[in-house]
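I opened this entry to record what I looked up in the structure.

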Amino acid sequence: MNERTTAELENLRGLIDGVDQQLIHLLRKRLDLVAQVGAVKHGAGLPIYAPQREAAMLAKRREEAKKMDVSPQLIEDILRRLMRESYLNEKDIGFKQVNPDLGHVVIVGGSGKLGGLFSQMLVLSGYQVKVIDKDDWARADEIFDGAGLVLVTVPIGITCDLIKDKLTTLPQSCILADLTSIKGEPVEAMLAAHSGPVVGLHPMFGPDVGSLAKQVVVVCHGRQSAEYQWLLEQIQIWGARIVEAEPERHDKAMQLVQAMRHFSSFVYGLNLYKEEADIESLLQFSSPIYRLELAMVGRLFAQSPELYADIIFAQKESMQAIGDYLDNYSQALSLLQVGDRDAFVAQFKEVAQWFGDFAPQFQRESRAMLQSVNDMKTG
Ligand SMILES: C=C(O[C@@H]1C=C(C(=O)O)C=C[C@H]1O)C(=O)O
């Protein structure tokens, strides 16, 4: 059935269409300027992401919007979305090559998705990239000869053995680095296998990010950091933020940030399946937060089971963290079973106090996310 309308409404709609068309022209103009910025940055070797410029620009536009009785949040939302577009467009121009004298790069396991992303970023920065995969080891000597950087991106389960078995005769000055999501054992294995520069990296994002702008890469220093300083600079030029960490502290955090997070998403999906939930009708009844939760859980099952098994099984210690969760779940469930509402409320308050200022901060952040989830609804 057609939506009802009137002549007056149609007239106004025509005017709105005109404004929206002007917006497209303005967007084109902005994208062209951003492309010029990208070329200038490429030439000058400047990072794609400029947080101070963004903050200053947003503050000014918010002020100007207020004066014109336009919601400052509206202009901020629009500009943030436009800036995301800028990162994608700037990326296509390529990046300054920080270390033009480096020999070629070898990506071990380059057919993996994250290896592919790093390969693409390195190529966009002018490096020559060679890939070594399962079937190429017969040609290993030839591939590694003259390499300036070897980047290991194979599944966690085989990372350490591969390093020990296959990466012991790299050129002395070659940098050995890995992208594994645990850092203790791989960094140790690299230090033992190779006497030159060693660094452990953990990109805290999946291969489906369109740009590295604002993403985080954790760095665990191994040895001879001066030799791989350029690589950290290169990653920052791609727009990412470098966060330094001791391997132990990183691995401990991953028990919660990754193993426990993904395990509980897995169980959530498992439970929906066993309960024979009808996703279609759940979506019909879904509140924005539920939709977001389904998105978080559902996206897990669109990806590789092996990848998640690797992450969850990577550290024995994660079992403890996941077991603790089960205990806390049981204890909370028992409050429900005995009908102790007061104890639940008391416990809730205790946790809220512990979250402190983070709780309202997360509420603000999630509000913006929930609104965009709602915006995506159609029909
Ligand atoms: C266009 C630039 O690059 C990025 C994108 C911006 C934008 O789209 O306005 C602003 C700052 C940078 O993070 C720039 O540096 O000016």
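**Loop residues with positive phi**

I first located Asp-69, which lies in the loop connecting helix H2 (51-67) with helix H3 (72-93). The model I am reading is a predicted one. I then looked up the backbone angle of Asp-69 and found phi near 60°, a positive value although the residue is not glycine. Is Asp-69 buried or exposed? I counted 6 other C-beta atoms within 10 Å of Asp-69. Because the cut-off for an exposed residue is 12 or fewer, Asp-69 is exposed.

I next turned to Glu-276, in the loop that links helix H9 (247-274) to helix H10 (279-285). Phi of Glu-276 is near 55°, a positive value in a residue that is not glycine. Glu-276 is exposed, as 6 other C-beta atoms lie within 10 Å.

**The sheet**

I traced an open sheet of seven strands with mixed pairing, in the order E2-E1-E3-E4-E5-E6-E7. Which strands stand at the edges? They are strand E2 (129-132) and strand E7 (241-244). Each has a single partner strand, so one side of each lacks a neighbour in the sheet. I noted a twist that averages 25° from one strand to the next.

I finished with the pairing at strand E7. Strands of a sheet pair through backbone hydrogen bonds, in either a parallel or an antiparallel manner. Strand E6 (residues 216-223) and E7 run parallel and are joined by four bridges. For Val-217, I found the bridge partner in E7 to be Ile-242.

Definitions and conventions
Residues numbered from 1 in each chain as written. Predicted model: local features only at pLDDT ≥ 70, side-chain atom pairs only at ≥ 80, totals over all residues. Helix = DSSP H or I, 4+ residues; strand = E, 2+ residues; numbered from the N terminus. Buried ≥ 20, exposed ≤ 12 C-beta atoms within 10 Å, placed from the backbone. Pairing = 2+ DSSP bridges. Axes fitted to C-alpha atoms, helices over the stretch in contact; angles between N-to-C directions.
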